[in-house]
Amino acid sequence: QPSLLLQYHESGLSSSSYELSQYIHDGSDHYDPRLPGTWSPAQAGGPLVSTPTTVVPHKFSWPHVAVCFGAGGQLVLACPHQPVEGQPAYVELHNLEAILHDTKELQELQAFPGPLAREDLHKVDVMTFCQQKIAMSCDLSTQKGRDSALLWKLLLLLCRQNGSMVGSDTAELLMQDCRREEKYKRQNPAANLIGLTDDELMSRQPGTLDLITGEVPPVVETQEQIVEKFTKLLYYGRKKDALVWAMRNHLWGHALFLSSKMDSRTYSWVLTGFTSTLATNDPLQTLFQLMSGRIPQAALCCGDATWGDWRPHLAVMLSNKVGDVELNNRAIVTMGDTLAGKGAVEAAHFCYLMADIPFGYFGSKADRMALLGSSHRQTFAQFARTEAIQRMEIFEYCQQLQQPKSFLLPFQVYKLLYASRLADHGLPGQALQYCEQIATVLLGQDPASHPVLAQQVMKLSERLKLSDPLLLEMPEQDQTLEPDWLLQLRACCREWEVR
């Protein structure tokens, strides 16, 4: 016979229970009601003879509740009753949607009108959802909340205009709630004139004798007197002195026109002097630098608290694109990279969308985007939030309004994840609709190119297929039928396994 220690080990009890049994149980010398023996009346009065049999102890000392989850959004519970003792056996079926009705996760899933590719959906429902997210989920008192609201407003604009937009539309969106804490201050032009020495500046101070004209200029000069002196300097052919005078007295139109008819070096010198009078964070500075064929300084410094709001700089670049398309995109992408480096993920993704950067995959950290508004450099649980998946689906839907057959292939994985969350929260019918959408996309491609995704969609669909209302309305003998898309997907998966 196996030892009691081995029996206790196999039944899940600890060795301490075996040690305790040594004091209360000594083999067959004492009577143990758990070990039934045979008794014969002929042996009455004689010693008790028992035939020990191997008995497996109960794993639990009292009945336990057995619980499991069903594929139809149900919680199956077997009550701890003992039918051998006359108690009726009960199996309870609970609806997970009813159990979880107060949870934030279920409310977030129920509020979304997905899947968005179904025929009975109107885009007004999607626009209403975006407006609710702006009003309820975005704290406009923080920069992160304003950036998140900006993404929702962009989706709202795309949905309203059927997926199309131009730079001026986006610029207007950027300037709607743009906050400037202080005006951009112009700098002292005299202190920023490049190429002027202190002697030259002193020689041109008001009240000193002008050696060229032989006159003493008045201390306070009117606009007419300033222009008159500019003209007199040109009488004597002193173009550089005329330029310096015009620049010192803000005659930038005169200075720029005159220098444009001179050599290119002089024109660049006057142009640099003009831009140096602007504050470094002035959007005009950004525009002039872009027009000069350079990456604006704003693209490298935005996102810093001392720099100011990044939106006016992006707006001026979108509304005034120069001839070099590559330079425009490179400046916008650089601004997005700078914002992403400062932790402003939503703002960075807005820039990437303006530059038509494609979406990548979670495992490829070199890709700039994987889910709209969520950084794929976080852990997967933080990255694949329900809100991020919903926002991404709306973006895909806006593209389908413009091109009905378009889709985002990397996003289909997150649709499957979203479908499993719906099933876990007691919404199997909605989850099955997502599976059908993913299968339609895969069948339009080559499912063998994404075999793991195709297999997982097929497995989840097989568990959820009885949640299809069309199947429930069929006669009982026809309920073994399956939808065509599931049959085609299974055939493709089997073909891939054979290959």
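Tutor: The model before us is a predicted one. Three strands make up an open sheet with antiparallel pairing, and their order is β1-β2-β3. From one strand to the next, the twist averages 20°.

Student: Which strands stand at the edges of the sheet?

Tutor: Strands of a sheet pair through backbone hydrogen bonds, in either a parallel or an antiparallel manner. Two of the strands here have a single partner strand each, so one side of each is left without a neighbour in the sheet. These edge strands are β1 and β3 (91–95).

Student: Which residue of β3 is the bridge partner of Leu-75?

Tutor: β2 and β3 run antiparallel, and five bridges join them. Within β3, the partner of Leu-75 is His-94.

Student: Is Asp-282 buried or exposed?

Tutor: Asp-282 lies in the loop between α12 (264–275) and α13 (283–291). The side chain of Asp-282 reaches the backbone nitrogen of Leu-284 at 3.0 Å. A residue counts as buried under 20% relative accessible area. Because the value for Asp-282 is 11%, this residue is buried.

Student: At what angle do the axes of α6 and α7 cross?

Tutor: Helix α6 spans residues 143–160 and helix α7 spans residues 167–174; their axes come within 11 Å. The contact is made by Leu-150, Lys-153, Leu-154 and Leu-157 of α6 together with Asp-169, Leu-173 and Leu-174 of α7. The crossing is right-handed, and its angle is roughly 140°.

Student: What distance does helix α22 reach from its first C-alpha to its last?

Tutor: Helix α22 runs over residues 451–464 and has 14 residues. At 1.5 Å a residue, a span of 20 Å is expected, and the helix comes close to that value. The distance reached is 20 Å.

Student: Which helices do the buried residues of α22 pack against?

Tutor: The buried residues of α22 include Pro-451, Leu-453, Val-457, Met-458, Leu-460 and Leu-464. Gln-455 and Ser-461 are also among them. The helices against which the buried residues pack are α20 (412–424), α21 (428–444) and α24 (484–498).

Technical notes. Residues are numbered from 1 along each chain as its sequence is written. This is a predicted model: local features need pLDDT of at least 70, side-chain atom pairs count only at pLDDT 80 or more; totals for chains, interfaces and linings use all residues. Side-chain values use heavy atoms; hydrogens and water are left out. Helices (H or I, at least four residues) and strands (E, at least two) are DSSP runs, numbered from the N terminus. Buried means under 20% relative accessible area, exposed over 50%, partly exposed in between (1.4 Å probe, protein chains only). A polar contact is a pair of N or O atoms within 3.5 Å; within protein, one must be able to donate a hydrogen and the other to accept it, and residues adjacent in sequence count only if both atoms are side-chain atoms. The expected span of a helix is 1.5 Å times one less than its number of residues. Contact means heavy atoms within 4.5 Å. Axes are lines fitted to C-alpha atoms, for helices over the stretch in contact, and angles run from 0 to 180 degrees between N-to-C directions. A crossing is left-handed if the near helix is turned anticlockwise from the far one by less than a right angle, and right-handed if clockwise. Two strands pair if DSSP finds at least two bridges between them.
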